[in-house]
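User: I would like to go through some of the labels used for this model and see what each one rests on.

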Amino acid sequence: MKRLFTLSIALLFAATAFAQLSAVSGQPMPKKGAEPIVDALVTFTSEWDKDLKYQRKTDADGFRVVLPQGGYLLTIEAAGYETYRLEIEVDEPNINLDVITMLTVEQAAERDAKRKKRAARY
């Protein structure tokens with residue numbers, strides 16, 4: 001029994017060691033403005049296990065998160081900005097999302113009002 005337990009633990013560690021990791025990076029920026037959004041909370045939530053989350057705060061260089069390959073919901077939250085959401089499949093060693101444009105709460109409200117007005121025409 002002890003031998004079976006030891007073998008199971010060894011196989012678990014071996015599988016974990018071979019799990020491929022990926023680095024995902026990006027730079028949240030306001031739609032109108034040249035300064036990056038600093039201190040935004042970046043969260044990657046696993047599509048298979050909603051309790052499995054990887055989080056980082058952004059700095060002047062954006063964010064870089066290393067996580068196992070798989071499917072994730074990326075959310076970026078910052079004070080005064082609409083929450084950004086993106087479903088992403090992490091399947092390459094390095095993924096650069098580059099500039100991620102975020103709307104202020106006011107800009108998002110204006111966009112929604114325009115959409116509602118257009119929809120009312122039809």
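User: Why is Y72 called buried?

Analyst: In this predicted model, Y72 has a relative accessible area of 5%. Buried means under 20%, so Y72 is buried.

User: What makes the pair of Y54 and Y72 edge-to-face?

Analyst: The ring centres of Y54 and Y72 are 6.2 Å apart, and rings pair if their centres lie within 6.5 Å. Their planes stand at 75°; planes over 60 degrees apart count as edge-to-face, so that is the label for this pair. The structure holds three aromatic pairs, and Y54 and Y72 belong to one aromatic cluster together with F44 and F63.

User: Why is the pair of Y54 and Y72 said to tie together parts of the chain?

Analyst: Y54 lies in strand β3 and Y72 in strand β5, so the pair joins parts that are 18 residues apart in sequence.

User: What makes β3 and β6 the edge strands?

Analyst: The open sheet has four strands in the order β3-β2-β5-β6, with antiparallel pairing. Strands β3 (53–57) and β6 (84–90) each pair on one side only. From one strand to the next, the twist averages 20°.

User: How do you know that β5 and β6 pair?

Analyst: Pairing needs at least two bridges between the strands; seven bridges join β5 (residues 70–77) to β6, and the two run antiparallel. Within these strands, I76 stands opposite Y84 of β6.

User: Why is the contact of E82 with R111 called a salt bridge?

Analyst: The closest N and O atoms of E82 and R111 are 2.7 Å apart, and the cut-off is within 4 Å, so the pair qualifies.

User: Why is D112 called partly exposed?

Analyst: Partly exposed lies between under 20% for buried and over 50% for exposed. D112 has 38% relative accessibility, so it counts as partly exposed. E82, at 28%, is partly exposed, and R111, at 23%, is also partly exposed.

Note on methods: Residues are numbered from 1 along each chain as its sequence is written. This is a predicted model: local features need pLDDT of at least 70, side-chain atom pairs count only at pLDDT 80 or more; totals for chains, interfaces and linings use all residues. Side-chain values use heavy atoms; hydrogens and water are left out. Axes are lines fitted to C-alpha atoms, for helices over the stretch in contact, and angles run from 0 to 180 degrees between N-to-C directions. Rings of Phe, Tyr and Trp (its six-membered ring) pair if their centres lie within 6.5 Å; planes under 30 degrees apart count as stacked, over 60 as edge-to-face and the rest as tilted. Buried means under 20% relative accessible area, exposed over 50%, partly exposed in between (1.4 Å probe, protein chains only). A salt bridge is a side-chain nitrogen of Lys or Arg within 4 Å of a carboxyl oxygen of Asp or Glu.
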